[in-house]
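Subject: Structure for your study

Dear colleague,

Please find below the structure that I am handing over to you.

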Amino acid sequence: KPRTCSSSVKVLKSVYGEVDVPEQTLSQFVFADAHKWRDLPALTCGVSGRSYTYGMIQQLCQRGAQALLANTDLKPGDRIGLLLPNVPEFTLAVHASLQAGLVVTYANPLFTVHELTRQFSSAKVRCIVTVPQLLELAQAVAKSLPAYDCTINVGGEPSPQNKILGLESLTSTEKKVDLPEVRSSDIAVLPYSSGTTGVPKGVMLSHRNLVVNIMQLLHPQLVEETDPLTFQDVSLTVLPFFHIYGFNAILNYLAKIGSHLVSMPKFTPQDYIKCLLEYQPTVLFVVPSLLLFLITHPEVTPRHLASVNKIFCGAAPLKKGLIDRFYEKIGRTDCTITQGYGMTETSPGITITPYNMPYSKSGSCGRLLPSTLARVIDLSDGHVVGVPNRPGELLVKGPQVMQGYLDNPGATSDVIDTHGWFHTGDVVYYDEDEYFYIIDRTKELIKVKGNQVSPTELESLLLEIPGVADAAVVGIPDSFAGELPKAFIVRKPGFDDMTVDSVQDFVTPKVATYKKLAGGVEFVEVIPRNPSGKILRNELKNLCSQN
Ligand code: 4UW
C-alpha cells in the first residue's frame with residue numbers, strides 16, 4: 001500500500017526561492033565553461049602526480065564516447081559498470097559513457113565478487129571499466145553477467161581475444177561516429193543505496209536530477225552566503241567518487257566551476273599528510289571521521305592545514321564539539337566549515353549551511369536548497385508537526401529527487417508517497433529560522449565512516465551459516481567510525497558450540513572491509529520482532545547501550 005499523509009499542512013519552502021534548470025545533459029552542463037580553463041589542471045592523482053587539464057578531459061571524453069560506440073557492441077541506453085578507485089580517469093569513464101548515451105553504475109572497488117555480481121547483474125551491466133589491479137576481480141564478475149560484452153582496462157594492456165580493451169588505445173584517435181542525442185530526462189547514473197530498508201537498490205538519477213543539484217548549489221543568493229569556490233581553489237579529497245557525495249557534490253560540481261581537484265586512490269595518513277603539504281589545498285572535502293583524523297593525528301599540525309580556508313563535510317552527523325575541536329587544533333576560526341546533508345536518492349543535496357551561520361546553530365546541517373520543499377511528520381501518527389523544534393521524519397520534494405528504484409516499483413512507492421513526497425527515514429527538527437538538525441534515523445541504514453551498510457544484506461549472509469536460526473544487525477555508536485555493525489544471533493538447537501570467531505570468519509571474506517561485524521557478535525535467545533515480523537532494532541540498540 002503506498003504511503004501517504006494528509007496534504008493540508010504546513011510546507012517549508014527554501015528561503016532561497018527557485019532555480020532555473022537548463023535542458024542540458026550532465027556532460028554538457030559540467031563542461032559548458034571548460035574552454036575558459038582549458039589549460040588549467042582539472043584532476044590530479046595526489047599519489048602518482050598524474051594530471052589532466054580541462055582541455056585534455058574534454059578531448060578524451062569525446063574520443064572515448066566515439067570509441068565506445070565504434071569498437072564495442074554497446075548501444076545507447078546500455079549499462080556500463082565502473083570498478084575504479086579514486087583515479088582521475090574516473091571522470092573520463094563517466095563522461096565518455098554518458099556522451100555515448102550509456103547509463104553508468106559505479107561500485108566500491110573493495111567489494112567482493114559476490115557484492116559486485118549482485119550490483120552489476122541487477123543493473124544489467126554490459127561493460128566493466130577497471131584498472132589492472134582489479135582486472136581479475138572484474139573478469140570473475142563478468143562471467144556471471146548475461147549481457148556482458150567487454151572490459152576496459154584503464155592504464156593496462158588490451159587483450160582482444162578476451163574482449164579486454166585499453167582506454168589509451170581507445171582514445172588515441174578520433175573515430176567518425178555520431179554521438180546519440182541524450183535527453184536531460186534520460187537516466188544518467190544508477191548508484192546503489194539501501195534507502196530506508198532492505199538490500200541496496202539501483203537509484204535512477206536522471207541527467208536533470210544531477211544538473212539541478214549542482215544548479216541548486218550555484219544559486220546566486222546561496223553562493224553569496226556559502227563563500228563560493230572558484231577556479232582558483234585547489235581541493236583535496238580521498239572521499240570515493242563511487243559514492244554520491246564524491247560523484248556529484250565533488251567531482252561534477254568542481255568540474256563545473258573549473259576548480260582543480262587532487263584526489264587520492266586510497267587513504268593512508270602518510271599520503272594524506274604528504275598531499276596537504278605538496279598541493280597546499282584551499283579546500284578539503286571530508287566526512288566526520290576524516291575531520292576527527294585531522295584533529296587527533298599527532299603528525300597533522302596547524303602548518304599542514306595553513307592553506308585550507310574551506311571544509312565541506314557531510315554523509316554523517318557532524319557534532320558541534322568536533323567543529324570546536326578543529327578550530328582549537330588549527331588555532332584560528334577563519335576556515336569555513338560547511339555542512340551538507342542529503343542522500344543518494346536526492347542527487348545528493350537537500351540542505352546546506354551558509355558560511356555566516358550563527359555560532360549558536362553550530363551542528364545544524366543548514367537550510368533547504370533552492371527549489372526544495374520539506375515537511376516533518378510525527379513518528380507515531382504521521383501527522384505533520386508544523387512547528388519548529390519538534391522532531392519527526394523529514395519528507396522532501398524537489399527536482400533533485402530520484403526517478404525511483406530500478407525495476408522496483410514497490411520499493412519506490414515505499415519512499416515516494418502518492419503526493420510526491422520523498423520519505424527520507426531521517427529524524428530531524430528545524431528551528432525558528434528553518435535551520436535543520438538531524439537527530440536520528442527511522443530507517444535501518446548503518447553508516448560506517450559515511451559508507452552505507454545495509455543490515456538486511458548482512459542478515460541474509462548470517463542466515464546462510466548452518467546453525468543460525470535468526471539474526472539481526474544494528475549500528476552501534478563508535479567515536480571514530482560513527483557507527484559499527486553488530487550482529488545478534490539465535491543459534492539452532494545443537495549448535496551451542498558456534499563461536500563469535502566462527503561467525504566473523506564466515507562474514508569477513510564475503511564483504512567489503514567496512515561492512516565487517518566490527519561492532520561485535522552476540523548470541524541471544526530471541527530476536528525481538530513486532531507482530532508482523534519486523535525486527536525491533538531499537539530494542540537491540542538499547543540492549544547494547546545497557547551493556
Ligand atoms: N548529517 C547527518 C549529515 C548527513 C547525514 C547524510 O550514502 P547516502 O545515501 O548519501 C550521503 C550523502 C552525503 C552528502 C549529501 C549532501 C552534501 O552536500 C554532501 O556534501 C557536503 C554530502 O551520505 O546516505 C544518506 C544518509 O546519510 C545520513 C542520513 O541518514 C542520510 O539519509 N547523512 N548527510 N550532514 N546525517
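Helix α9 supplies three residues to the lining of the second largest cavity, the largest share from any element. Please note that this is a predicted model, in which local features need pLDDT of at least 70 and side-chain atom pairs count only at pLDDT 80 or more, while totals for chains, interfaces and linings use all residues. Residues are numbered from 1 along each chain as its sequence is written, and side-chain values use heavy atoms, with hydrogens and water left out.

Some terms are needed at the outset. Helices (H or I, at least four residues) and strands (E, at least two) are DSSP runs, numbered from the N terminus. On a 1 Å grid over the protein atoms alone, a cavity is a set of points where a 1.4 Å probe fits but cannot get out. A pocket is an open set with protein on both sides within 12 Å along at least five of seven lines, and lining residues have an atom within 4 Å of a point. Grid points are joined across faces, edges and corners, and a volume is the space filled by probe spheres set on the points. For residue classes, Ala, Val, Leu, Ile, Met, Phe, Trp, Tyr, Cys and Pro count as nonpolar, Asp, Glu, Lys and Arg as charged, and the others, Gly among them, as polar.

The cavities

There are two cavities of 30 Å³ or more in the structure.

The largest cavity has a volume of about 80 Å³. Among the residues that line it are Gly64, Leu68, Leu92, Ala96 and Leu167. The elements giving two or more residues to this lining are α2 (54-71), α3 (89-99) and α6 (167-171). Helix α3 contributes the most, with four residues. By class, the lining comprises nine nonpolar, three polar and no charged residues.

The second largest pocket and helix α11

The second largest pocket contains about 1200 Å³ of space. It is lined by 42 residues, of which Leu110, Val238, Pro265, Lys266 and Phe267 are the closest to its centre. Two or more lining residues come from each of α9 (244-257) and α11, and α11 gives the most, with three. The lining divides into 27 nonpolar, ten polar and five charged residues.

Is helix α11 mostly covered or mostly uncovered? Eight of the nine residues of α11 (288-296) are buried, so the helix is mostly covered; buried means under 20% relative accessible area, exposed over 50%, and partly exposed in between (1.4 Å probe, protein chains only). These buried residues pack against α10 (269-279), β14 (283-286), β15 (310-313) and α12 (320-330).

Aromatic rings

The structure holds eleven aromatic pairs. Rings of Phe, Tyr and Trp (its six-membered ring) pair if their centres lie within 6.5 Å; planes under 30 degrees apart count as stacked, over 60 as edge-to-face and the rest as tilted. Trp37 and Phe231 form a stacked pair, 5.6 Å centre to centre with 25 degrees between the planes. The two residues are 194 residues apart, each in a loop. Trp37 counts as buried because its relative accessibility is 10%, whereas Phe231, at 38%, is partly exposed.

Tyr106 and Phe247 form a tilted pair, with 5.0 Å between centres and 40 degrees between planes. Because Tyr106 lies in strand β5 (103-106) and Phe247 in helix α9, this pair ties together parts that are 141 residues apart in sequence. Both residues are buried, and together with Phe90 and Phe241 they form one aromatic cluster.

A charge sits over a ring if NZ of Lys or CZ of Arg is within 6 Å of the ring centre and within 35 degrees of the ring normal. The charged end of Lys256 sits over the ring of Phe29, 4.1 Å from its centre. Lys510 lies over the face of Phe506, at 3.7 Å from the ring centre.

Yours sincerely,
A colleague

Technical notes
Contact means heavy atoms within 4.5 Å.
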